[in-house]
Amino acid sequence: MNTRFSLQRRSFLRSSSALIALPSLESLGFRRFASAAKPVAAPKRFVFLGMGFGVTADTWYPDQKTAGRDYLLPEGLQPLARHKDDLTIVQNLANQYNNEAHWGSTFWLTGANRYAEPGQSFHNTISADQVAAETLGKETRFSSVQLGTTGKENSGHGPGLSLSWNRQGKPMAGLNTPVAAFHRLFSDDSTPLEQRQAALRKQHSILDTVLEDARSAKRGLSKADTDKLDEYFQSIREIETRLSKEEEWLEVPKKKPCKDVKMPEKGVNGVEELKVMYDLMVAAMQVDASRVFTYRQPLETVIKSMGATITAHNMSHYGEGDRKEVSKQRDQKQSELFAHFIDRLKATPDGEGTSLFDNTTLTLGTNIHSIHYLTNCPTVVTGGGSGIQHGRHFVMEPKTPLCNLWLSLLNGSGIPTESHGDSTGQIDELFG
Amino acid sequence: MRFCLFSVFFVLLAAFAGAEERALVPEAHFAMFEKYCLECHDGSTEKGGVDLEDLSFDISTVESAERWQKVLNVMNSGEMPPEDEPQLTDGEKTVFLDDLSHQMVVARELLSDTGGVITMRRLNRREYENTVFDLLGVRVDAGELPDDSNSGGFDTTGASLFFSSDQFEQYLKLANRALDAAFVFGKKPKMVSMHHESEKDANKKIRRISAKLKKDYDQAQAWRATEGAKEPKDFGFLDESDVRFYERIHNQKYKTFEDYLNRPESQSGVLLSSFFDGATVDSIRIPNNWPAGEYILSVRTATLPGAQSHETFLEYGMIENGARTGELSLLGCRKVTGTLENPQTLKIPVEVTKDGGRVFGLRQRQHNNRDAVRQEFLRSLNQTGLGPPPALWIDSVSVEGPNIEKWPLRGVSKLFFDGMWWTHEDEDAYARKIISRFANRAFRIRKPSEAFLEKLYSLYLDNKASGMKFQEAIRDPLAVVMTSPGFLYLIEPIPGEQKRELTDEEFAVRLAYFLWSAPPDHELRVASRSGAFKKPATLAKVVERMLNDPRSDEFIASFTHQWLHMERLDFFQFDSLKYPEFDYSAKESARQEVFQTMRSILEENRPLFDLLKADYVVVNDVLADYYDLPPVAGSEFQKVSLPLDSPRGGLLGMAAIHAMGSDGNHTSVVERGAWVMRKLLHDPPPPAPANVPQLSRVQGKLLTPRMQLDAHMEEAQCAQCHRKIDPIGHGLENFDAAGKWRDELLLTKVVRKKVRQKKKVTVDASGQLPDGSKYDDYFGLRDQVAKKQDAFSRSFAESLISYALGRPYGFSDESLRERMIKRANAKDGEMREFIVALIQSKAFRTKK
């Protein structure tokens with residue numbers, strides 16, 4: 001069977017009426033089910049988890065004198081102990097341009113200089129996940145999935161709609177509740193195929209119609225306005241790409257999550273919300289709905305749900321005393337949930353004899369170290385996706401660009417990238 | 001170094017010549033620089049690859065700003081000078097950091113100055129909702145669209161209003177929803193009504209629960225009576241802890257229920273009591289088959305003897321699906337004055353929409369939070385053995401409606417401008433006309449192209465061909481119009497990048513979105529055609545009408561909310577035990593007070609400076625009660641004179657402003673001080689610097705805020721800003737976190753969530769402003785601030801320019817700002833004059 005073209009896959013499915021016999025991984029690029037074909041390597045995946053405000057400095061970071069394998073996990077990372085051999089902790093990474101002490105997410109994956117554009121008070125560039133999605137997203141229903149949280153809370157993320165910024169440096173919207181994420185990822189359209197085909201046709205003519213107006217609106221616009229309207233054109237292009245993907249996928253029902261992920265309850269928040277989102281990501285990876293995930297995490301509601309009565313910002317300015325206790329509890333809870341997420345990924349098979357964990361690169365971190373410090377951003381990397389030799393603690397030169405890590409992870413996952421943000425080169429030590 | 005000196009010399013000359021604004025690090029710091037930095041960082045040594053010798057003290061490029069930022073960062077973090085090198089004195093460091101951080105702010109502003117370029121604007125969420133309402137006569141909830149707020153700017157800033165593919169789909173969905181709601185055909189619905197005797201359901205429910213509590217408890221006692229001879233299982237319990245559970249809930253709940261049923265008032269109506277599980281809500285369900293529209297709830301109600309004044313308000317709202325017991329999506333609050341002998345009937349209008357909720361609830365005013373109600377219940381139970389005594393009683397509720405003035409509805413009659421389609425012989429031809437007319441209306445100025453109209457029409461035809469009825473087939477093309485750039489963007493083309501004066505039509509649109517956040521109405525369009533904008537006098541008349549129109553509430557609320565950074569009011573939940581009166585109704589009234597004061601100043605042509613100090617407040621019944629003023633009648637805001645010694649009057653006397661300067665529990669001296677500097681004194685402190693060492697010496701000790709914050713003065717990095725910020729915050733310490741006056745403050749030391757130590761101290765509000773003006777107490781502070789009229793004018797004018805023009809305020813706007821202030825000052829600082837001057841300015845008439 002020729003597996004190069006998606007349409008042929010569909011005809012295969014049709015001819016053998018094998019809709020139900022789809023493998024657990026439904027991606028077009030990943031075809032273990034073709035018995036005659038050689039098993040194809042499982043796809044690489046990325047997960048970026050942005051924590052917002054920083055961690056408790058003296059109980060989260062391992063002792064800088066203990067670089068290498070023999071380091072102790074401090075209190076804040078202790079719940080991750082069972083995964084220690086699979087963790088990489090990198091210290092002293094920073095984004096040199098970020099001076100915004102409350103912006104933990106805006107430039108975290110981009111390394112951009114807010115003031116790089118004269119005449120503009122804000123500028124950003126593409127985030128590492130979107131670089132990855134340009135390659136890894138080609139073969140899945142969703143090129144990338146951005147998760148976030150609702151509410152006007154102040155959790156130390158800074159401007160943006162999610163962790164992700166597109167090629168043009170514009171913010172990308174996120175799915176901000178577990179319910180919205182569930183629907184987008186798993187809900188099946190129950191309307192009959194013909195109606196859905198008709199609906200797609202209609203969507204095409206709707207796009208065609210608005211483009212007609214967009215083209216005439218463009219006449220006579222200033223340069224700045226043309227750039228603005230380009231966002232509109234860009235959006236329409238993205239939807240067209242999505243629609244053509246949908247056409248390819250029209251007869252492939254959305255895979256349902258494995259049985260222990262149910263439709264999330266409406267209104268869950270705090271710790272529960274983090275858990276549910278992690279579960280949804282596992283399920284989404286399992287059915288290969290996407291290979292690139294970012295999650296801009298709640299914090300204010302997380303500490304509230306743990307019984308704290310102070311704000312997240314207040315917590316981040318801990319001194320000695322109760323605020324610090326809250327901050328420490330938050331670190332531990334964060335690590336505990338992350339450890340559980342890793343458990344789930346390890347327990348979920350993916351390809352021949354490998355697990356989702358083996359093929360995924362996960363990073364937990366934020367642009368804020370602790371309090372108002374922006375140097376030494378907390379960074380934990382895990383998962384086998386980019387070939388890092390885990391189990392080690394790296395203490396880099398102070399102010400090593402965080403983008404060097406993103407660059408290394410991208411290249412390590414088979415996405416050839418020359419530079420990213422303000423990167424100065426790969427961190428080769430990670431791999432050997 | 002020569003180069004730097006030369007450039008500064010040049011700049012100083014330029015400054016004398018009145019040249020444009022620059023970001024200059026003062027010459028006074030050269031010596032310091034030479035002494036502490038250049039030893040290692042000169043052109044020949046370049047330690048760490050850093051050469052500061054050629055760094056210009058005039059920060060005029062992105063590159064030099066980056067290098068100065070690094071100097072600022074390493075000095076703030078204490079990295080430089082290195083420990084083993086000579087250190088700056090605290091005085092030197094404080095002044096240098098102060099100057100540099102301020103000049104960095106100036107440099108960033110200079111470098112990001114758009115030079116007056118106005119980037120095309122997408123309708124923000126508010127404008128979108130209002131524009132849809134104008135077109136279709138229905139309100140959609142645009143809350144699902146991405147948040148338009150951007151850091152520091154206004155939600156009208158075109159450059160910050162993005163567009164994404166998700167948004168496109170959301171717009172399409174919202175348009176369809178709006179059209180569905182607007183498409184109401186057929187005959188005018190008849191008025192319907194129903195009557196609800198409140199006690200019927202309530203008593204039945206309470207009787208049922210309390211009987212069950214008693215039964216389980218009796219059963220538990222029956223088992224206890226066997227003294228171990230029998231198993232809990234024999235009495236229907238799982239085990240002994242199950243028995244204890246039923247005993248406990250009986251002890252917590254039963255007596256209060258019994259007391260409720262024993263009260264004679266509960267036999268004729270419902271008592272709005274609080275129980276363990278939440279507040280009592282009298283709920284009314286509007287049947288699903290009743291049409292959308294306005295309904296009137298007539299509530300026969302009374303206060304109960306012994307009620308405290310802040311409790312004698314009836315809150316009403318929607319009961320959302322899945323809401324916890326007693327919690328409402330609140331819509332309003334009404335004072336109750338009737339008595340059991342002589343109950344009153346409150347008439348409360350509520351809006352029922354097609355897809356919105358239909359269950360309304362009435363509740364005694366309190367914190368809108370079940371946990372808070374439970375805490376209060378338990379506190380009362382401990383003290384009296386019963387839950388808190390109810391303050392209100394409802395006899396019955398009647399519902400009548402819908403009140404529909406015009407039929408067909410406005411949206412329908414505007415869309416189907418020539419009657420219903422079934423009266424037309426050729427409905428397709430009529431459809432074509434409807435689409436074209438709608439598109440023209442939706443696009444405001446620009447004419448939709450023929451090709452676009454043609455494509456819209458084919459959408460309709462395709463739909464018809466697929467078997468849809470007329471009213472279904474026409475929906476898609478209309479929704480597409482509302483998703484097109486012509487509708488979503490305020491488009492002002494300038495062919496060839498030539499800046500130009502707006503046409504009168506465009507001017508009308510800009511004006512309407514400034515003052516109404518909505519498209520121009522018929523009258524404004526007529527005015528635009530009559531040349532009314534050409535003469536200052538007639539234009540002033542137009543502006544006057546617009547400001548007097550209720551649609552300008554949108555400007556007042558949205559502008560003020562963003563100008564004064566009022567989003568902080570929603571950041572925190574207020575501690576209900578500590579601030580029982582600062583509940584949802586108080587907080588919303590406090591928010592409204594700010595807006596209503598603005599409205600009153602505009603309407604009465606009062607000076608802007610009334611916001612700094614005034615001998616009156618604009619309050620409603622809730623707030624008059626909260627401020628301990630003589631009662632005012634009704635939930636409408638009204639102007640009330642204050643006694644001479646009142647701390648109220650002006651922004652600094654408003655509960656909302658103080659609540660914003662707190663975290664819901666404690667006051668924040670720093671937050672309040674910084675706010676006064678930013679908003680009132682026009683002297684914004686630079687953004688909180690990164691990497692400044694944290695002060696932890698004073699944590700966990702029993703100190704006054706003043707003693708705690710004095711630690712700021714010990715480190716130059718902190719002192720540079722806090723020596724100005726903190727004294728102002730201390731001057732406001734007479735207001736607690738919820739804005740109530742206090743003479744003393746209670747210091748507590750909390751360890752592991754328990755209060756270990758307590759102490760009362762008298763508030764010391766003395767201090768000085770950054771310019772050295774001293775004050776002994778809050779009243780002195782307010783007087784000093786009230787003197788800074790020019791500074792406050794600048795703060796107001798700059799924000800107004802930014803909001804109205806849809807771009808950040810830039811240095812190039814300085815002359816505009818000064819002209820606005822001059823004109824206002826000629827009229828004793830009238831707030832209205834600022835607005836009129838801005839609208840009459842060239843900038844407001846120009847697209848570039």
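**Figure 1. The two domains of chain A.** Domain bounds, as used here, come from an automatic or database domain assignment. On that basis, and in what is a predicted model, chain A is divided into domain 1, which takes in residues 46–185 + 257–431, and domain 2, which takes in residues 189–252. The C-alpha centres of domain 1 of chain A and domain 2 of chain A lie 32 Å apart. Chain A as a whole has 432 residues, of which 51% count as buried, and its secondary structure consists of 12 helices and seven strands. Among the contacts in chain A with a separation of 6 or more, 70% are accounted for by residues 24 or more positions apart.

**Figure 2. The sheet of chain A, seen strand by strand.**

**Figure 3. Strand E1 of chain A and the strands on either side of it.** Strand E1 of chain A, residues 45–50, is mostly covered, since six of its six residues are buried. Arg45(A), Val47(A) and Leu49(A) point one way from E1(A), whereas Phe46(A), Phe48(A) and Gly50(A) point the other way, and all are buried. Towards strand E5 (residues 360–365) of chain A, E1(A) pairs in the parallel sense over six bridges, and there the bridge partner of Phe46(A) in E5(A) is Thr361(A). Towards strand E4 (residues 292–296) of chain A, E1(A) is joined by five bridges, and these two strands also run parallel; in E4(A), Phe46(A) stands opposite Val292(A).

**Figure 4. The antiparallel step from E5 to E6 of chain A.** E5(A) is joined by four bridges to strand E6 of chain A, residues 379–382, and this pair runs antiparallel. Within the pair, Leu362(A) stands opposite Thr382(A) in E6(A).

Figure 5. Thr88(A) is found in strand E2 of chain A, which covers residues 87–94. Is this residue buried or exposed? With 20 other C-beta atoms within 10 Å, Thr88(A) is buried, because a residue is counted so if 20 or more such atoms lie within that distance. When residues up to four places away in sequence are not counted, Thr88(A) touches Val381(A), Thr382(A), Ile388(A), His390(A), Arg392(A), Phe394(A) and Leu430(A). One of these, His390(A), is 302 residues from Thr88(A) in sequence, yet the two are 5.2 Å apart in space, C-alpha to C-alpha.

**Figure 6. The nonpolar cores and Phe834(B).** The largest nonpolar core contains 197 residues, and of these Ala178(B) and Phe834(B) touch the most other members. Leaving aside its neighbours within four places in sequence, Phe834(B) is in contact with Leu608(B), Phe796(B), Ala797(B), Leu800(B), Met820(B) and Ala824(B). Chain B itself has 848 residues, of which 44% count as buried, and it holds 32 helices and 21 strands. Taken along the principal axes, the C-alpha atoms of chain B fill a box of roughly 100 × 85 × 55 Å. Among contacts in chain B between residues at least 6 apart in sequence, 72% join residues at least 24 apart.

**Figure 7. The side of chain B that touches chain A.** Here 63 residues of chain B are in contact with 57 residues of chain A. The elements of chain B that give two or more residues to this side are helix H4 (62–76), helix H5 (90–111), helix H7 (165–182), helix H14 (450–465) and helix H17 (485–488). Which element gives the largest share of the side of chain B that touches chain A? That share, six residues, comes from H14(B). By class, the side of chain B that touches chain A has 29 nonpolar, 24 polar and 10 charged residues.

Methods
Residues are numbered from 1 along each chain as its sequence is written. Chains are lettered from A and ligands numbered from 1 in the order in which they are written. This is a predicted model: local features need pLDDT of at least 70, side-chain atom pairs count only at pLDDT 80 or more; totals for chains, interfaces and linings use all residues. A nonpolar core is a set of buried Ala, Val, Leu, Ile, Met, Phe, Trp, Tyr and Cys residues joined through C-beta atoms within 7 Å. A residue is buried if 20 or more other C-beta atoms lie within 10 Å of its own, exposed if 12 or fewer, and partly exposed in between; C-beta atoms are placed from the backbone. Two residues are in contact if their C-beta atoms, placed from the backbone, lie within 7 Å. Ala, Val, Leu, Ile, Met, Phe, Trp, Tyr, Cys and Pro count as nonpolar, Asp, Glu, Lys and Arg as charged, and the others, Gly among them, as polar. Two strands pair if DSSP finds at least two bridges between them.
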